[in-house]
Amino acid sequence: MAKRGKGRPINGIVLLDKPTDISSNHALQRVKRIFFAQKAGHTGALDPLATGMLPVCLGEATKFSQFLLDSDKRYTVTATLGVRTDTSDSQGDVVCEKPVSVTQAQLDVALDTFRGEIEQVPSMYSALKFEGKPLYKYAREGITIDRPARPITVYEIKQLRFEDNEIDLDIHVSKGTYIRTIVDDLGELLGCGAHVSMLRRTQVADYPYERMVTIEALEALIEKAKEEDVSPYDLLDPLLLEMDTAVKNYPEVNISDEMGAYVLHGQPVQVFGAPDNTIVRITVGEQRTFIGVGQMNDDGLIAPKRLANLDL
């Protein structure tokens, strides 16, 4: 049994539907407390303004959160035209206001410039670090840091609504894309300025939207457990996704229990017929127990890369 205050050694991923007006870290800490987990980490912060899918990794799943950070994302966003803010969203200070006289044809042309592989200059109000300090901290001090443009991919940008001074968009993007910056750049292209007034992340990798759960729903399960006089974990733990779902799109290499023991001690093993020079998902035995990810070399060796702390 876990020591009091240390938490449970529970492993898995919760697809949290983050509420608005709290930080991703605040949401993470609430989920960690609810599940009484020893360790927890999220996979790419959402702004306090934003809602939606925030995969929270518990226990050994935290070791594989990086692979979700690198995954594609999908968002719905409302862009309000005519007002530009310093943070590019409704929580910032207004820096410019202009009249809006945008036609559908102008919007179509502007949106098309964002499709495909483009370069984006990150916002000063981002968590990117310069000399170990997040850019947003410099911005709050009135300091502007030169930021190089970074390559991103906008796989899809689809207009859902254009009414008065508001545009609703559905956007599917690669890792490292700032939706606030797309909206700010769109406003500049249209000549009237724009900012994000609503942002919701609807997808991370290919996790199902319907598996998201709110903090309120999690807390309601705790109350239900009290009423039914059962452990809350009997109701909470079935919500967890397996930790290898974070890497399920990588090819699987299944090895024997004996080879698995070597891998878990950090030793490379020889595998025949596996793809060369790629990251692979390692499973062990007939049960196909996931133990981590490795790097396949061109000599057929799997070099352990991220390993779960498991007893086989």
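Contact here means heavy atoms within 4.5 Å. The model is predicted, so local features need pLDDT of at least 70, side-chain atom pairs count only at pLDDT 80 or more, and totals for chains, interfaces and linings use all residues. Residues are numbered from 1 along each chain as its sequence is written, and side-chain values use heavy atoms, leaving out hydrogens and water.

By that contact criterion, Asp47 touches Lys18, Ile22, Asp89 and Arg180, with residues up to four places away in sequence not counted. Asp47 lies in the loop between strand 2 (40-42) and strand 3 (51-58). Strands (E, at least two residues) are DSSP runs, numbered from the N terminus. Asp47 counts as partly exposed because its relative accessibility is 24%. The classes are buried, under 20% relative accessible area, exposed, over 50%, and partly exposed in between (1.4 Å probe, protein chains only). An unreviewed UniProt entry annotates Asp47 as "active site". UniProt positions follow the numbering used here, feature names are shortened, and annotations may be inferred rather than shown by experiment.

Strand 11 spans residues 166-173. Six of its eight residues are buried, leaving the strand mostly covered. Pairing of two strands requires at least two DSSP bridges between them. Strand 4 (residues 73-81) runs antiparallel to strand 11, joined by eight bridges. Within this pair, Val77 stands opposite Leu169 of strand 11. Strand 10 (residues 150-163) is also antiparallel to strand 11, again with eight bridges. Here Phe162 faces Ile167 of strand 11, standing opposite it. Strands 10 and 11 form a hairpin with two residues between them. Asp164, in the turn, has a positive phi of about 55°.

How values were computed:
Helices (H or I, at least four residues) and strands (E, at least two) are DSSP runs, numbered from the N terminus.
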